[in-house]
Amino acid sequence: MLRLESIGHVYGQERTLDAINLTVSPGESVCLVGPSGCGKTTLLRIAAGLVASSEGRIRDDFRRSTVVFQEPRLLPWRRLLDNIALGLKAMGVPRRERLARARALADELGLAERHDHFPHQLSGGMQQRVALARALAVDADLLLLDEPFSALDVGLRSEAQTLLLGLLARRGIASLLVTHDLTEALRLGHRVVVLSPSPGRIVHEQRIERPFIERDTAFLYEAAGALLRQPAVAESFLFRQDEVTP
Amino acid sequence: MKQSLPTRGVIAVLGWGGSLTGVLLFVALWEWGSQVYGSFLLPGPRDALGALGRLWREDAAAAVLATTWRAMSGFALAAVVGTALGVLAGLSRTLGRALGPVSTVLLGIPPIAWIVLAILWFGSGSLATVYTVMATTLPVSFAGAQMGAMTRDRRLQEMGEVFSVPPLMRLIDFHLPHIASYVFPALITALGVAWKVAVMAELFATEDGIGAGLALARVNLDTAAAMAWIVLVVALLLTAEHGLLRPLQRRMEPWRQAGRGGR
């Protein structure tokens with residue numbers, strides 16, 4: 001279980017996060033949604049241990065957590081399989097074994113036939129799948145995702161979401177996904193947590209009971225509409241007087 | 001993007017043809033100039049070739065070998081030391097601040113001043129030439145490596161942190177390939193400088209080598225021989241760049257190849 005206890009963060013003169021309490025249970029998918037500049041990326045980086053928070057503490061019982069960033073962040077000078085196997089190489093897994101595992105993952109994520117390609121020879125969607133495969137390769141049980149699909153166009157994004165849902169369910173991996181897209185959060189989360197802008201505070205939390213396969217487009221729009229009728233959520237998303245840049 | 005072999009052959013021939021046109025145009029201009037100014041002031045290409053043949057019979061190969069050896073050993077020393085220092089200076093801010101001005105000062109000292117110093121320190125001979133070559137090319141490779149090490153991608157570093165990449169792997173898989181893409185162009189520049197400075201240093205400091213041959217041509221007022229030596233130096237430079245450094249770069253940076261399209 002990942003437990004964030006009254007996390008607050010001050011960056012320079014500005015308070016970006018305030019009294020955040022959040023838990024992610026094993027196998028659970030939590031979606032953190034908020035408008036641009038509400039500090040949600042900062043919160044994810046704090047959860048990943050990349051940034052030390054100014055206040056509060058983190059308890060992480062997961063065996064291994066990895067991050068999928070907004071951009072693929074692949075090594076441009078390494079081929080697809082070596083990029084997937086990067087985390088395994090860092091762990092000291094022998095080359096033959098790590099490449100075999102990378103190959104299996106590449107095939108599972110629809111990247112067969114492209115094992116020897118360099119990142120720039122792949123499309124944006126494929127690059128992001130390589131990044132996902134790289135995160136899965138180290139056998140993580142918690143995945144932290146920072147708007148991983150925001151650079152993809154609508155069709156590809158939906159495809160990537162389906163892929164992610166399948167991968168998480170098959171492996172029983174917990175996830176904390178940050179997004180600014182309400183429908184994405186509603187599609188991918190067991191639980192949706194809404195953050196308000198500057199400073200980021202949790203203003204609403206909702207469990208989505210409907211099974212993932214029954215969450216069709218009609219449901220997503222209806223649920224997003226219902227969510228936006230909540231005054232706190234509406235205030236976060238619609239009536240922002242003071243626009244804040246991240 | 002994949003082209004058939006004949007297509008690529010035709011493209012290659014056209015490419016070579018284009019380069020050849022430029023060379024032929026230059027030779028034609030040279031010939032014309034020699035006819036206008038007379039073969040004493042500007043011997044034509046044929047005179048130069050004739051002189052080259054004469055020089056070759058008088059053992060120009062030894063001179064070429066001597067110059068090559070001096071230029072390349074000075075260049076190699078500068079490349080190794082300069083790149084190593086440059087990487088360190090780029091990785092450590094403090095070291096960068098300390099070494100940066102030194103590099104600027106070295107870059108500002110004219111090669112001719114280095115030759116004077118080298119002759120004073122080491123006496124006439126090979127060592128003075130090698131030293132001069134090293135002193136003038138070292139700041140170039142240093143600057144390239146430092147720039148490479150300073151422009152590492154922050155986001156890739158963070159990714160490395162997420163996967164707990166150990167220091168040695170971080171150097172080999174993250175830093176060096178990026179730095180290499182800055183070092184190679186710097187080395188190609190340094191190589192050109194190395195030949196020119198080696199010949200110039202030889203003119204003053206040694207009894208053999210291309211520079212000494214040029215000095216002799218000056219004494220004998222043999223312009224054709226001077227031209228022949230110049231042709232030789234240019235040929236050597238092109239050989240070293242396209243026969244050594246560029247292939248090495250292609251080998252070490254296959255990930256750039258695919259992006260270059262034809263070639």
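Because the model is predicted, local features need pLDDT of at least 70 and side-chain atom pairs count only at pLDDT 80 or more, while totals for chains, interfaces and linings use all residues.

Chain A. I counted nine helices and nine strands (DSSP runs, H or I of at least four residues for helices and E of at least two for strands, numbered from the N terminus). The radius of gyration is 18 Å, close to the 18 Å of the globule rule for 246 residues, so chain A is as compact as a globular protein of that length; the radius is taken over C-alpha atoms, and the rule is 2.2 Å times the number of residues to the power 0.38. I found 45% of the 246 residues buried (20 or more other C-beta atoms within 10 Å of the residue's own, C-beta atoms being placed from the backbone).

Chain B. I found eleven helices and zero strands here. The C-alpha trace spans about 70 × 60 × 30 Å along its principal axes. Of the 263 residues in chain B, 33% are buried.

Interface. I looked up the contacts (C-beta atoms, placed from the backbone, within 7 Å): 16 residues of chain B touch 18 residues of chain A. On the chain B side, α7 (154-162) and α8 (167-205) each supply at least two residues. The largest share, six residues, comes from α7(B).

Methods:
Residues are numbered from 1 along each chain as its sequence is written. Chains are lettered from A and ligands numbered from 1 in the order in which they are written. A residue is buried if 20 or more other C-beta atoms lie within 10 Å of its own, exposed if 12 or fewer, and partly exposed in between; C-beta atoms are placed from the backbone. Two residues are in contact if their C-beta atoms, placed from the backbone, lie within 7 Å.
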